Amino acid sequence: MTWTSIVSKELTSRLQGRLTYVILTLMVVAFTGLVLGSFWAIVASVPTIVPVIGSSAAGGGSISLSGLVGAYRGVFLFFAMAFCLMAAIGVVAPAVAAVSISGEREEGTFDLLLSTGLAPRSIVWGKLSASVVFVLLVALTAVPGFAMAWMFGGVGVIELVLTAVLLVAAVCLFSAIGVFCSSLGRTSAVAALYAYGLIFLLGMGTLAVYVVGAANQMEGTFRPVLALNPWVTLFAVPEQISSQVAQILPFQFRPLIDGTAQQDLFGLRGLRYPRWALTLVLYVLLTAFFLAASSVAVDPCHRLREQRWVRALFGRGS
Amino acid sequence: MALIELEQLSVDQHGHKALDGVTLSVAEGASLGLVGPNGSGKSTLLRALAGLVRPAAGRVLVDGYDIRHDVTAVRRRVGYVPEQFGVYPRLTIAQYLDFFAQASGVSAWERKNTVDTMLRVVDLYDSRQKEAASLSRGSRRRLALARALLHNPPVLLLDDPLGGLDGRGRLELVEVLKEVRGMGITLLVATHLLADLAQICESVAVLRDGRLISLLPLTAALAGDGPARRRVQLEAVGEREQLAALLIQQPGVMDVNDQGLAISFVYEGDREGLALVLGQLVTAGARVSRFGPGPDGLDEISAALAEGVGRLSA
């Protein structure tokens, strides 16, 4: 298990700098401030007759967003936090992971690492693990904020676990994308740029594809694409509320955030999954793909490099 | 038995052939110097042996393992010290070596011992708690050497190990390399200065434009048997200006340089011709007290080798 040497080295290097502790402290302050700020905003904008603790569905009649927010303030607060944390992960994970291999190339240490005889997949796995652990450490700074939001009630244990699992899956995928780009990029800046581009595609690209598809009467065909979008999937986790919020949207776009709108998997009737399940499966597969591709990319003598198409993709590696 | 075998090795880099059909065999325990000018393919040859570049054609075998089929096994049998390398910031020397020992597969129970032994071999034991990034150039080279030896490889590849070091740094590293050679490790040392190899290697491979020009024992290269260019230094009692004027008239003599206490010149020709030059000086009345290789004489030979001036034979 020599990949563990990379994890411990990476964490030793990262945690010995003052900057890490400054960032961690700032994150705690930011997320705690976010909860307090959001709560203040909710209280200020919602009629005071709505109970503060716990949740209750809005009464009959037409649904308004402010009414829903007032009724489910604990849930909205919690998922607003999760949404922001996902955004923070989308910023931090690629930045951390994109340095992992290209940074070593820039420092002139990557050849030394490769010449140890450590298998490329172990190097890549070690780099990914170190990035994931570090990003999770940063993400843990949001726990006090989540705890405060949790106290307002309305979020079930299953929703809590699902949110946590989705966040961890996103950390893994974003980090794998970062490591992959790092294995291709000559510099960390270029690698980070590629990684942010891919994550932007996951966020905005999938949304754009879905909206265009839905506007052209092909909503059902393009709905599975939404499973790639971590923010959309996160919105769909609190099913009862997301289905009510979806009523605000035009009819053809409602499945966008409606957690109860399960989907036939790419048109296969009978294979119906909640969006989060499809997201998790896709994220695991994509993470594995990016890991495998990174292993080929970092090793100039990898067997697959004998193939012309691989050399065309990754260069000669010499 | 050959520990390293290269058969018609070619490597393409940036659209040109960095190595072109190199065939070479190095016996177990041998020490071979690779000389040649910049861009001749010395570093690429070492990187190919370390499994860091993919051959475009030909075979690379290290200890029987083919780089195309089992590159990890090749890497485990090779210790590689590149010309330019970095150290991880914020890691101490001991942490740095411990990391590489672990990555190289040195077992947990023998890791501390191995690291301590290597630190003593390269004389860095007392500095082991210092940050690796704070080391001087010479100490960094010794640290790199220790790192390359951690997993006890049978082959050690050194790319310009003495480049950029001051006199003391060179002396210290040469002593360590002599010790390493005594351990029976097969050494390949790339340099553009033959002088660097004088105390480390037994034979020399000359590369130019990615091709192997010649392979000869170091003693033959240093003796300059056959026509060659070398720097010679002489000391004489009396008028040096007249002596310098006399020297410049001799066939094969060029670049006469009065250095104060001594006169140095470059001579291109064989040893017989050089003996005749000395005879001419003595006949002309010069009182020569010393006549021998100049301080940078070996560099002149290596430059001649690299430029293809003359021929050196065993």
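**Figure 1. An open sheet of four strands in chain B has the order β2-β1-β4-β5, with antiparallel pairing.** The view is taken from a predicted model. Strands β2 (16–27) and β5 (65–66) of chain B stand at the edges of the sheet. Each of these two edge strands has a single partner, so one side of each is left without a neighbour in the sheet.

**Figure 2. Strands β1 and β2 of chain B pair in the antiparallel sense.** Strand β1 of chain B comprises residues 2–13, and eight bridges connect β1 with β2(B). Within this part of the model, B:Val11 is placed opposite B:Leu19, a residue of β2(B). In the sheet order β2-β1-β4-β5 of chain B, β1 lies between β2 and β4.

**Figure 3. Helices α5 and α6 of chain B pack with their axes 9 Å apart.** Helix α5 of chain B spans residues 137–149 and helix α6 of chain B spans residues 167–182. The angle between the two helices is about 15°. Because angles under 35 degrees count as roughly parallel, α5(B) is described as roughly parallel to α6(B). The crossing of α5(B) and α6(B) is right-handed. On the α5(B) side, the contact is made by B:Arg137, B:Gly138, B:Arg141, B:Arg142, B:Leu145 and B:Leu149. The α6(B) side contributes B:Gly169, B:Glu172, B:Leu173, B:Val176 and B:Val180.

**Figure 4. The domain assignment of chain B gives domain 1 and domain 2.** Domain 1 of chain B covers residues 2–222, and domain 2 of chain B covers residues 226–307. Taken over C-alpha atoms, the centres of domain 1 and domain 2 of chain B are separated by 36 Å. Along the principal axes, the C-alpha atoms of chain B fill a box of roughly 75 × 45 × 35 Å. Chain B contains ten helices and 14 strands. Of the 314 residues in chain B, 45% are buried. Among contacts in chain B between residues at least 6 apart in sequence, those joining residues at least 24 apart make up 69%.

**Figure 5. Chain A of the predicted model has 14 helices and two strands.** Chain A consists of 318 residues, of which 46% count as buried. For contacts in chain A with a sequence separation of 6 or more, 73% are accounted for by residues 24 or more positions apart.

Key:
Residues numbered from 1 in each chain as written. Chains lettered and ligands numbered in written order. Predicted model: local features only at pLDDT ≥ 70, side-chain atom pairs only at ≥ 80, totals over all residues. Buried ≥ 20, exposed ≤ 12 C-beta atoms within 10 Å, placed from the backbone. Contact = placed C-beta atoms within 7 Å. Domains from an automatic or database assignment. Pairing = 2+ DSSP bridges. Axes fitted to C-alpha atoms, helices over the stretch in contact; angles between N-to-C directions. Parallel < 35°, antiparallel > 145°, perpendicular 65-115°, else oblique. Left-handed = near helix turned anticlockwise from the far one by under 90°.
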